[in-house]
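I opened my notebook to look up how this chain is put together. Here are my entries, in the order I made them.

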Amino acid sequence: MILKSHPRYESLRTRDLIVDGVKKGITSTHGLIAHGRGEAFDYLIGEKTTNFAKEAIHAAAALLLLAKHPVISINGNTAALVPKELIKLSKIIPAKLEINIFHASKKRELKIKDYLIKKSAKEALLPQKDFTIKHLESNRKYVNKDGIYKADVIFVPLEDGNRTEALIKNRKKVITIDLNPLSRTAQKASITIVDNIIRTMPLLIIKTKQYKKFKKSELKKIVKNYNNKKILKESLRKIKT
Ligand code: PTJ
């Protein structure tokens, strides 16, 4: 057990979530490596949500609320780290939840689905063999007809670059959370939140609830004024200082 008084309590607690995810069979062992990479970048940005990350969170909330068919894509890491928050966000928007994993495993997909249902998700869509997105060779091209296939806006935290590029080529808007501003996903996404998903999700939930009361024209203005290139530049500047 980690004592709350430990100076690295939050970081150790988060590590335990990922390790538990592997033990439960929902997180891939590669997820441990991805988490370590995230930790290194988090250290460099000061382990705090920056103002530019907040700006991206605001734009993300507005874009999700403006979407006709928003979808939240879930992998083994995000299911282990923030399952309740992802479900809560999906209910507020509302948006479909779809499981789409990088390291192919039918067994793990089903385990993630069961886990989300246990955590109070009404539904979690799975990829279907008859429905694919273009410009992608890997297993990840398979998507759900009612989910990513027809989505206009997709929230894909902790994503790999190939799929982000493919989703953009399929004319979909992509929102990601990635602590590495240099990753292909961070560079290609429509909105990149350079922050730890553990800190982002509660803030994104609060903003989405608040923006739900806004007029569409106000939300459109927030999205229009948002500049992802500027946000990426600022995060790199922060890392260098
Ligand atoms: O469950 P699967 O099979 O879909 O696999 C999921 C992972 C995450 C293992 C897979 O998508 C993968 O290998 O991802 P990458 O290419 O390593 O990219 C993950 C990105 O997420 C990296 O740029 C990390 O810096 C970043 N990252 C890791 N942990 C966090 C994070 N960003 C925000 N918050 C974190 N906690």
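**Entry 1: around helix 7**

I began with what covers the buried residues of helix 7, and the cover includes strand 1 (70–74), strand 5 (153–155), strand 6 (173–177) and helix 8. The residues being covered are Gly 161, Arg 163, Thr 164, Ala 166 and Leu 167. I noted the terms at once. Buried means under 20% relative accessible area, exposed means over 50%, and partly exposed lies in between, with a 1.4 Å probe and protein chains only. Helices (H or I, at least four residues) and strands (E, at least two) are DSSP runs, numbered from the N terminus. Just after helix 7, I found Arg 171 with a positive phi of about 65°.

**Entry 2: what kind of model this is**

I am reading a predicted model, in which local features need pLDDT of at least 70, side-chain atom pairs count only at pLDDT 80 or more, and totals for chains, interfaces and linings use all residues. Residues are numbered from 1 along each chain as its sequence is written, and side-chain values use heavy atoms, with hydrogens and water left out.

**Entry 3: the whole protein**

I looked up the helices and strands: the protein has 11 helices and 7 strands. The radius of gyration is 17 Å, close to the 18 Å that the globule rule gives for 241 residues, so the protein is as compact as a globular protein of that length. That radius is taken over C-alpha atoms, and the rule is 2.2 Å times the number of residues to the power 0.38. Along the principal axes, the C-alpha atoms fill a box of roughly 50 × 45 × 35 Å.

How much of the protein is buried? I found that buried residues make up 50% of the 241. Then I checked contacts, meaning heavy atoms within 4.5 Å. Among contacts with a separation of 6 or more, 64% are between residues 24 or more positions apart. The accessible surface comes to about 12500 Å², and 54% of it belongs to carbon and sulfur atoms. Such areas come from the Shrake-Rupley method with a 1.4 Å probe; for residues, only the protein chains shown count as cover.

**Entry 4: the cores**

Next I looked for nonpolar cores. Each is a set of buried Ala, Val, Leu, Ile, Met, Phe, Trp, Tyr and Cys residues joined through side-chain atoms within 4.5 Å. The largest has 50 residues, of which Ile 72, Leu 89, Phe 155, Ile 175 and Met 201 touch the most other members. Helix 3 gives the most to this core, with 11 residues. Leaving aside neighbours within four places in sequence, its contacts include Leu 86, Leu 89, Ile 93, Leu 97 and Phe 155. A second, separate core has 12 residues, including Ile 133, Val 143, Val 174 and Ala 189.

**Entry 5: a buried Asn**

I picked Asn 77, found in helix 4 (residues 76–81). Is Asn 77 buried or exposed? It is buried, with a relative accessible area of 8%. Not counting residues up to four places away in sequence, Asn 77 touches Ile 18, Thr 27, Gly 31, Ala 34, His 35 and Leu 158.

**Entry 6: salt bridges**

I searched the whole structure and found 13 salt bridges. The term means a side-chain nitrogen of Lys or Arg within 4 Å of a carboxyl oxygen of Asp or Glu.

One of them joins Glu 55 and Lys 230, at 3.1 Å from N to O. Glu 55 lies in helix 3 (residues 51–66) and Lys 230 in helix 11 (residues 228–240), so the pair ties together parts that are 175 residues apart in sequence. Glu 55 is partly exposed at 30%, and Lys 230 is partly exposed at 35%.

Another joins Lys 188 and Glu 165, with the closest N and O atoms 3.6 Å apart. Lys 188 is in helix 8 (residues 184–188) and Glu 165 in helix 7 (residues 161–169), so this pair ties together parts 23 residues apart in sequence. Salt bridges that share partners also join Arg 140, Glu 159, Asp 160 and Arg 163 into one network.

**Entry 7: a surface patch**

Last, I looked at the surface. Val 19, Leu 32 and Ile 33 form a nonpolar patch there, with about 260 Å² of accessible area together. Patches are made of residues with over 30% relative accessible area and no salt bridge; like charges are joined within 9 Å, and nonpolar side chains (Val, Leu, Ile, Met, Phe, Trp, Tyr) within 5 Å. Ile 33 lies in helix 2 (residues 30–44). Ile 33 counts as exposed because its relative accessibility is 64%.
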